[in-house]
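Let's walk through this model together, moving from a single pair of strands out to whole chains and their contacts. Keep the viewer open as you read.

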Amino acid sequence: MMRLPLAAMIGIFFTSLYFLMAIFAPLLAPYPMTEIVGGVWEPMSAKHWLGTDNIGRDLLSRMIYGGRTTIFIATVATIVSFTTGSILGFTAAVIGGWVDQAMSRFVDLVMSIPTLIFALVVLSVMPVTIPMLIMVMGFLDSTRVYRLARAVAVDINVMDFVEAAKLRGEGRIWIIFREILPNALSPLVAEMGLRFIFMVLFVSTLSFLGLGVQPPQADWGGIVKENKDGIVYGIGAALWPAVAIATLAISVNLVADWVLNRTTSLKGGRG
Amino acid sequence: MSDQLLKVRDLKIGATVYPPGEKPHDIQIVHGVSFDLAPGKVLGLIGESGAGKSTIGLSAMAYGRGGVEITGGEVWVNGRDILQESVKGLRALRGTEVTYVSQSAAASFNPAKKIMDQVTEASVSQGKFSRADAEAKAVELFAKLGLPDPENIGSRYPHQVSGGQLQRCMTALALCPEPDLVVFDEPTTALDVTTQIDVLMAIKEAIRDTGVAALYITHDLAVVAQVSDDIMVLKMGEMVEYGSVDQIINAPQEDYTKALVSVRSIDHEEKTPTDNPMLKVENITARYKGTNFDVLNDVNVELHPGQTLAIVGESGSGKSTLARVITGLLPPRDGRIEFSDRTLSPDLAGRTRDDLRELQMIYQMADVAMNPRQTVGTIIGRPLEFYFGLRGEEKRKRIKELLDEIEMGDGFIDRYPAELSGGQKQRVCIARALAAQPKLIICDEVTSALDPLVADGILKLLLDLQKVENVAYLFITHDLATVRAIADSIAVMYQGRVVRYGSKSEVLSPPFDDYTDLLLSSVPEMKLGWLEEVIANRKMESAGN
Amino acid sequence: MHLALKLVAQRLALGLLLLLAVSVLIFAGTQILPGDVAQSILGQSATPEALANLRRDMGLNEPAVSRYFSWLGGALTGDLGTALTSGADISKSIGSRLGNTVFLAGVAAVIAIPLAILLGLLAVRYRERWPDKLISAVTLASISLPEFFIGYVLILIFAVNLGWFPSVATVYDGMGFLDRLSVVILPALTLTMVVLAHMMRMTRAAILNVMQSAYIETAELKGLSGLQVIARHAFPNAIAPIVNVVMLNLAYLVVGVVVVEVVFVYPGMGQYLVDHVSKRDVPVVQACGLIFAAVYIGLNMVADIVSILANPRLRHPK
């Protein structure tokens, strides 16, 4: 067994930290999410570790609850995009023919519109609720997962060992789950990390634009929006969520990198 | 001053390797090699993969490819140690004094520039010749190397000429600046055998006419015997034997050299056909989807139980397509396949489990023929489970028997393919095929990706297994030496047709049809003067016609 | 030349087809999706009468297909309709904003492209050494940062603490070029940082790919100098992938512009789109979406055409 590299360790540590924080938010937050407990934009103090926000709510509590919302949405949207994208991608690769053609051309079409623009267009007519956000984000992002899953599966599908399995008389289920999937897993898992980061950035951006999570519910992007006016007075309250997003994103990236490296080394030799 | 053009003393070469998931570390590739080369002479460097022959060749230009670095020793060219040269001095050496011909001309030519510009570039940039002189020289070389339309071929782009022609252009590129030494790095390995002989002759004549000295690197002793004065045999970065061509070929001293000289000389007595062939390929015509020409055209062959039918041909002959048709991967447009007294369904989906079991396949690249995520035990065990329902201890026992049969032992049962050598991988693939207890195994170029000695081991194993298991082989290959070693009957294929078919002795005895004659006479033989003999014969024949 | 031209024509046709399909998708996304547009605009408490009026005004009573064609016909002739909320002519509103956005993106591109190529070259030159590692660490960091974070940090440093540039990018008619430039410099820098990392990483990969080709080794073995190798052999083959990288990242800029304009309250297309999404002003959203998508598709198409034209196999067929 290989020793865990330092970068991966840091990544795993912070990623788990954020997820634990999200799960146990009500236990950890010192104040309720929406209660006004102090003055406007109070500085950091023993009472309010991160100070207070634009209407006097405890910023640390908002950050913890906001993290919960952001991570929850991003996680569920990643799961949605991943399951749809990879199942459809594998199916397209293994079946081929017109099914593959039709699905792939549709994905090309959706991807020819920038994701954020597409989301804005749809959200202009749809009610902005959390399930709706998850669905829109999951659907738009599943196109990318589809492309990757299909490409990986197509590559593996033409390998001689898959042909050998077909010649042996193995069924489609065996071929997908026993021959293709184990070999497709590592790029997909690494991609999952990247997709999750993208989802965090995406939902934060939407909330920042006022089209994501709606107040008084806290989420990281929304906290930036609420506190952005403080910036011109030199008040950095709006930067805390951005720091949180960045550290979470970097940690997940480090983990994804490690997963990718570890699994390619298992595959071994260049022959 | 010595009279040697190239003097290499105690050359040591190392490299940094970056295995995925591990710390990069340094390894030694060449462990202290010494040799001399006089002006106008040709030294052959020979060895299997990992011998360090290309690395040594490039050291004559003080060049290390990738992470390769010369760590010790001396390389003297024309009386100066080039390892001590400045960058500027090296530039003056490379491209004019010493030049290089690579294995893949297709990759070594810049796709965006015309051939002529690339052939003359070194001479012109280094101020050796004027552009006009260099171009005149290039045209002269094009003609000498037998390129068609030598006046105009230089104005084409690399992708506009064939592989064999581009390899000659690369030789012209190397000879144009009138160097003292040319390093030929497997210049004919990527070519079909009938193309190889012409390029080989062109190179040999060019070397003779220009009086240039050469280092000729190859893994094929028969090839190097045709062009070299001296030969150095290398193994794992060390010199094994160094002597004149005559001594190395006719009186090798070291065991390793003896093995290389006698490679592919396996003796195989041809079996007589039985009354009842087990495989009958009848009038098969096939094409790939979306194309409009037949890759196979009215192919008829038969194979008898426990015997070997070799399908021989060059690239594009349709030999691998025939395997796809027989296995059911490519349903033919016309014709039928009889196997064990029944007609096989043309496509895979229509075949019974017994059809599939009795007809197994082994591939060229054992690397990709095994799922890298499965252990050797799983790979060999799956057919046992799938066809015979073996489970648990019973299955494990049978896997061990099979591992014994392929001479590997049960220590390998829990290993992954990445942990095996090339020859071991191919053995596991053979065991997987045997596990199904087949009547016929299709072997698609199973030895061509392997080093000659390893390939010999695989061929011997296949012959032994045939005796024990009485299994038939359909053996697809481009290599006639392999055919001689293993076949009972032979089908020669050319452009989708079988041009010659019969027992081994019939097919390999005159009178020949034109193509078989060309093919057979093009295979390099392990004897001195073979190349001249063939060329002389061909000239006589064409004069006679 | 014949084959390459044919492929270029094919690619152009494909681009147009894609644009048409995208217009259908955008129209469908806003008009046919489940849910009543008029209802979602006016909210649950709207009276049936108001709903009926809005439906009539929006032409919602006509079949979707005929509404689509009249919308598309208008868009093709430069008539994008009127905004629901203000009643203003959309084409007119977009006109000046599009100019502003193109100016901002242009400034960002002028800074980002040379910088990215230069840094990409540096990373290749010092591959696996500290400049390369530093550059890749910065890349990792910057793809993990949201655009608005970079924007606000720049505001905090350069507008609030140093006071060099305004924190709000206000532009007005008749503003001089230099004034305009000083106003957009912070947003343009933000955009630059957003695309720089990607562009540089892809440039590095493209150049490395070329530098590892066997023909570069051939050139080195001809005794050419480093500069000659790069100028004669690497550059002609690297230009196409680099142009490709640049185009793809300009396309990416289109998205970044939306957020950056909101951060700096810059009167461009992005701001206009976001405002009207929250007001649920469907005609404006459709128009903006179509324009953004058209630019995006156009840039991707240019990238493909450059690769076709730069491929010697296609330019000089057998």
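How many bridges join strand β11 (residues 279-286) of chain B to strand β14 (residues 334-339) of chain B? There are 5 of them, and the two strands run antiparallel. One such bridge partners B:Lys280 with B:Glu338 in β14(B).

Before going further, a word on conventions: this is a predicted model, in which local features need pLDDT of at least 70 and side-chain atom pairs count only at pLDDT 80 or more, while totals for chains, interfaces and linings use all residues. Residues are numbered from 1 along each chain as its sequence is written, and chains are lettered from A and ligands numbered from 1 in the order in which they are written.

Back to the strands. Both belong to an open sheet of 4 strands in chain B, ordered β12-β11-β14-β15 with antiparallel pairing; two strands pair if DSSP finds at least two bridges between them. At the edges sit β12 (296-303) and β15 (342-343) of chain B, each pairing on one side only.

Zooming out, chain B has 21 helices and 20 strands, taken as DSSP runs numbered from the N terminus (helices: H or I, at least four residues; strands: E, at least two). Its C-alpha atoms fill a box of roughly 75 × 60 × 45 Å along the principal axes.

Now to the neighbour. The contact takes 25 residues from chain B and 18 residues from chain C, where two residues are in contact if their C-beta atoms, placed from the backbone, lie within 7 Å. On the chain B side, the elements giving two or more residues are α2 (87-93), α3 (105-108) and α4 (115-125) of chain B.

Chain C itself is divided into domain 1 (1-78 + 283-318) and domain 2 (94-278), with bounds from an automatic or database domain assignment. The centres of these domains of chain C, taken over C-alpha atoms, are 27 Å apart, and 15 residues of domain 1 contact 15 residues of domain 2.

Finally, confidence: chain C averages a pLDDT of 82, on the predictor's per-residue scale from 0 to 100. The model scores ipTM 0.81 and pTM 0.79.
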